[in-house]
Amino acid sequence: MAIEEEISEDLGFKLEHGIPLFDPLDLQKLAAKHLKLLAIHDDLMVASNSDCLKVISLKDLNEITTIEGDFSITQLHFVGNELFVLDDSKVKSLTVDQLKTKDYTFRTIREGFVDILPSSSGILALNADNELYLNSDKIASNVSAFCWTSSSYIYASKDKPYEINNKKINVKDADKLCIVEMFPINEKYLFVAYDKVDAELDDHDVRSFILEETDKYYIAHDADIAPAFASVARAVTYYHAQLLDWYKSDTFSLITSSVAIDLGMLDTTKEQTPKIIAQSEDINRAQFPIDEESGEDCSPVGFGLSFNELTSKVLEPCPGADEATGVLPRVYTLLHTGNLISWWVFHKSAILNNELSLENAIKAASKKQPSEVAQTTNNPFGNTPSSVFSASKSAFGQAGFGSSGSGKANPAFGTTGFGQTGFAKPTGFTQSTGSPFSGFATGGSAFAKLGSDGTSIFGGTSSVSSNDLKKESTSSNKEITELADESEISLPESEESDYSDEEEQIENINDTQDNAATIPSESTSQVVQPQDKEIVQPSLKPVQFSVFNGFTSPTKPSSNEIESKIINIIENTEGNLQVMNTNIKQLGEFIAQHEKIDKGIDSLKFAEARVPLRDTIETLQRELVDSTNLSTKIQKSFGEKVKLDRLYSQLALAADKNSANKDVLKSRPLDFKNDLMQTKLREKLNNVRSLEKKVLALLMPIKARNSMDDQTIDNIERIVFQINEQILDHSVSVDDLATRMGELDIESNKKVDVLSSCSKLKLRKKLRQM
């Protein structure tokens, strides 16, 4: 299935004059490398011809600083405020401040790589042996393409053209191909390009697709964008940039490649299927020029999108718009000839309706950063490069719940006055091979084993006996009393009322009895029925959960209201935690017993019923894919048939030696787009001519009314006099003719029919008198 193509009369490109930056690049030395020799950061642009660097101010393109050195640069990348340079297989960096202060002391990070892709999460780098590294860790071998996504990184292997990261791709006829380029266009869709394995520089078979990600596989959609029509011998390298929230909430992706002849555009707005945007007018397309010296196509070696155009004024950005100030982004492309060319990206109707915003585009671009990716070493979940396992820092310092691994962690808010805070102890998950709930039956708990070893998150106030709880409460009372006396804390009236309301609610819940024990009462337990209606074996009794219903005897009240309230909260929390631990153990035992029940017969029946359904679903999915591919082939075949029919008609006209067919052959295109464009142009031209006639018809009365001056009146009188003289001359001629007829012998009763004009009426009267 192919991606839809939309002919747009709004979106397009306006070409600006090129700037010669370098001499032509030596492609014989650089053609096999993945060249990315242009990068943009705010108001700075850095470009290279591999031998030197040039720093250009986007505010004034004539302000250029050249950095000389023993360079062999192949790639430039801006990430945050840092410029990464791939120089002779070495990864180097410079900060933006260094560029502005002209401190060109490079920092070498690593070496031995031929392709890099840095981000805020690290540097993905590929060496000459096709081994992929994340920072200093090797993560894959035999890699042909890689990229960052919003949450991780993905890669493709040379010998696995039908999968990405072990997820299948439903693409056909790719046995001799491999993925050579890939990058995400949004969270659901991925752009990939196939080419021959180890293809020659002048022999490519590039096929591009948009992959739609599902839970189990990728659905491939044909995407004929920036096709490989260039004649320059280069390794396939794609360049892309995104426009987010520039026009409303739409997203546009600008894409081109080293073997393309123009710049393509995709509408990649979220919650929509991507579609190709084609310009209705050739003048609005972004086409690369032809090299005047060699006659070959110019090939891009660098690409960038500038949003720092908030003060740029563009005159006549498109037909119908006089100017646009501070709303149009600018696309820069560095060609292999050394020239820097650029286009303004415009949206005609949005310009006229004032619906464009570069500020929103800048904000959206600053938010679009890859998530932090954790190292995969010692990962209990396997080799999963997901950001959920990374150690991230909170906005207030280290996270308050400690580290996710072993070791000690400091609390985010320091140590409180009530001893060690409960959030200072790290909590972790234990790994087991049995039931996910089997740990509950043995006394383990997901909440750091609360109650099983007498440890509590509230600074050591946990207990399993009534005496211990009373001792801890008494010691806590002393500490709290001392702190309260030293700090002399006073509460506002509103807070006091809140505490009193909470105390009333607790007193209503607590059921005071005469028993002196302080452990939670389980005699008032209530049964919680499961919500799901499942079939339970009759041998298993439902779990009866205990509910905390207060202490059997109240704690000795304190004279300090704050101290009393804190003690009450701690005691109620401790009681609830102990009851929860008891419920967890009971639930774990119930689940463990339920898993031991032999349900082989039901499972066998379920398996027998599931197998044919699964086979049927797989068969239907294959048939659906086959039918979709067949429909695509039929559409392509029909298009080819129409082209062949036109070609035969062209040949028939050419076979005929009639010279009149030459003009027809010249003006009759084989391309559907050009034919459609010519048809639309003819319709527009006819419409313009009809409107011109209407305008002239409406202007004539106005012109006549406004031109009645003295000279015009004199001219009209002169014309009237001339007409009268001509009438008199004709009257004399008529009289002469009548005299001659009178001399003729004409029968008096003969009737002559004469047409009714003024002179003829006079002649008729004279004839009757004869």
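Modeller: The accessible surface of the protein chain is about 47,100 Å², and carbon and sulfur atoms hold 52% of that area. Areas come from the Shrake-Rupley method with a 1.4 Å probe, and for residues only the protein chains shown count as cover. Please keep in mind that this is a predicted model, in which local features need pLDDT of at least 70 and side-chain atom pairs count only at pLDDT 80 or more, while totals for chains, interfaces and linings use all residues. Numbering starts from 1 along each chain as its sequence is written, and side-chain values use heavy atoms, without hydrogens and water.

Of the 770 residues, 36% count as buried, meaning under 20% relative accessible area, with exposed over 50% and partly exposed in between (1.4 Å probe, protein chains only). The chain holds 13 helices and 32 strands, taken as DSSP runs numbered from the N terminus (H or I of at least four residues for helices, E of at least two for strands).

Now to the charges. A search of the whole structure gives 20 salt bridges, each a side-chain nitrogen of Lys or Arg within 4 Å of a carboxyl oxygen of Asp or Glu. One of them joins K59 and D43, with 3.7 Å between the closest N and O atoms. This pair links distant parts of the chain, 16 residues apart: K59 is in the loop between β6 and β7, and D43 is in the loop between β4 and β5. K59 is exposed at 67% relative accessibility, whereas D43 is buried at 18%.

In another bridge, K188 meets E212 at 3.4 Å, N to O. K188 lies in the loop between β20 and β21 and E212 in strand β22, so the pair ties together parts that are 24 residues apart in sequence. Here K188 is partly exposed at 42%, and E212 is buried at 17%. D87 and K92 bridge at 3.0 Å, and both of these residues are buried. There is also a network of salt bridges linking E9, E281 and K684.

Found in the loop between β28 and β29, E309 is buried yet has no salt bridge, and the nearest side chain of opposite charge, R330, is 4.9 Å away. (Lys and Arg count as positive, Asp and Glu as negative; His and the chain ends are not counted.) The E309 side chain does make a polar contact with the side chain of S306 at 2.9 Å. Such a contact is a pair of N or O atoms within 3.5 Å; within protein, one must be able to donate a hydrogen and the other to accept it, and sequence neighbours count only if both atoms are side-chain atoms.
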